[in-house]
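Thanks for taking a look at this one with me.

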Amino acid sequence: MNLLKKTYLVLTCILLGMVGNLQAETLVGYPIHPENTQISLLTCSPGEQIYELFGHTAIRIEDPTSNIDFVVNYGLFDFNQDNFIYRFVRGKTDYMVGVSYTRSFLEGYKERGSSVTQSVLNLTTQEKTDLLNRLDENLKPENREYRYNFIYDNCATRVRDMIEMSVENRISYPTHVENYTFREALMLYTKDATWSQLGFDLCLGKGADMTTTQREMFFLPEILGNSYASSRIINDSIAQPLTLQTSLLVPKTREDSTAWFTPTLCAYVLLLLTLFASFYLRDKKKKKYLEIADVVFNTLNGLGGCIILFLILFSQHPFTNENYNIIWMNPLTLFPLLACIFPFIKKLNGLYYATTTIMWLAFIILMPILPQTFNTAVLPWVLTLLLRSYLRFSAIKERHESRNTHI
């Protein structure tokens, strides 16, 4: 009897093992058969919101034998996370990987007017099995979250890395891809979102002006997708296309808009208005308006400086630590606001305006040789600040000399 039981248990284990081998892998509890599965790279074109500007990358899993058609998406985040904005500024935002039905995924991009392009990957059954195993591991509750980095660890780089690992890094990428600096790469997608580009240029320091490697450019979904179309996978010294076919699943219907009221135009208009007002509002009563404008301009500049200083000292985002924008946009320029709140420090006005005149003049002179690219709106804005600072210092100096003459 004991022998029969043992024999039964052994046979059961063997059969279960055989069934496991036949059924292959699972994805979040659904049985998937790699030999019948088609795995594709999905590339989504940019949208209008700031978090949509650079597009999106995902992986599509299709297994008709199990009636499965899912999208694995590494671009999920939760605005309701505790201290989301603060954590985002610090570079400590956690993104998640999740699964959705392909139909609903495509519908979302159709509604926003973005295109979705599918590139079917040319993978062997073993490579598909490996990729599915890796995705399944990532989708476990304890592994779903990852520390997001918009350059080095985002939705596109995660997909790139998973595919590379599943084929044991045997991908040969095209060599004719044009390399840019990281800032230039971002500008490819912000040329029509000029206010967003201003924000990037203010927050990112000289590191953003390093030239990217070919692989580093793949943090941009469309660059990754386009590169895959020309890439090869090496199997037994034979180079084969990495993708079998490319098709457009959702056409682009959103029209690209070109903003005419750019930060640069705004800054030059403000410079001209300030120049006009400074020389034509000489009346004592009207000069009060200029003094109010000085407080507003300097306060805005100082608040921006506080953000830049915070990013330099505390943020884990790439390229925020060495930022030469701190020369001209720094917390020092909050002084006029503080002088309004604490009148006793107004006696330092002369020193403040002398210091800022030298500071902004030095920045303009050094601007061409500093190892960082500055937004085109910076020059007219700094000229505006310099003009007002110099005129305020001259007026204070003139009053001081006049007082000494009378004494």
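**Notes on pockets, a strand and some rings**

1. The second largest pocket holds about 910 Å³ of space. This is a predicted model, where local features need pLDDT of at least 70, side-chain atom pairs count only at pLDDT 80 or more, and totals for chains, interfaces and linings use all residues. Residues are numbered from 1 along each chain as its sequence is written, and side-chain values use heavy atoms, with hydrogens and water left out.

2. Of the 27 residues lining the second largest pocket, Lys287, Glu291, Arg392, Ala395 and Arg399 are the closest to its centre. (A pocket is an open set of points on a 1 Å grid over the protein atoms alone, where a 1.4 Å probe fits, with protein on both sides within 12 Å along at least five of seven lines; lining residues have an atom within 4 Å of a point. Its volume is the space filled by probe spheres set on the points.) Helix α13 (378-406) is among the contributors, and it gives the most, with 10 residues. (Helices are DSSP runs of H or I with at least four residues, and strands are runs of E with at least two.)

3. By class, this second lining has 12 nonpolar, 4 polar and 11 charged residues. (Asp, Glu, Lys and Arg count as charged; Ala, Val, Leu, Ile, Met, Phe, Trp, Tyr, Cys and Pro as nonpolar; the others as polar.) The lining of the largest pocket, in turn, divides into 25 nonpolar, 9 polar and 2 charged.

4. About 1,100 Å³ of space lies in the largest pocket. Its 36 lining residues include Ile50, Tyr51, Phe88, Tyr95 and Tyr148, the closest to its centre. Ring pairs link Tyr51, Tyr95 and Tyr148 into a cluster that also includes Tyr74, Phe77 and Tyr146. (Rings of Phe, Tyr and Trp, the last by its six-membered ring, pair if their centres lie within 6.5 Å; planes under 30 degrees apart are stacked, over 60 edge-to-face, the rest tilted.)

5. How buried is strand β4 (residues 56-63)? 8 of its 8 residues are buried, so β4 is largely enclosed by the rest of the structure. (Buried means under 20% relative accessible area, with a 1.4 Å probe and protein chains only.) Strand β3 (residues 38-44) runs antiparallel to β4 and is joined to it by 7 bridges; Thr43 has Thr57 as its bridge partner. On to β5: this strand pairs with β4 in the antiparallel sense over 5 bridges, with Arg60 opposite Val71. (Strands pair if DSSP finds at least two bridges between them.)

Notes:
Buried means under 20% relative accessible area, exposed over 50%, partly exposed in between (1.4 Å probe, protein chains only).
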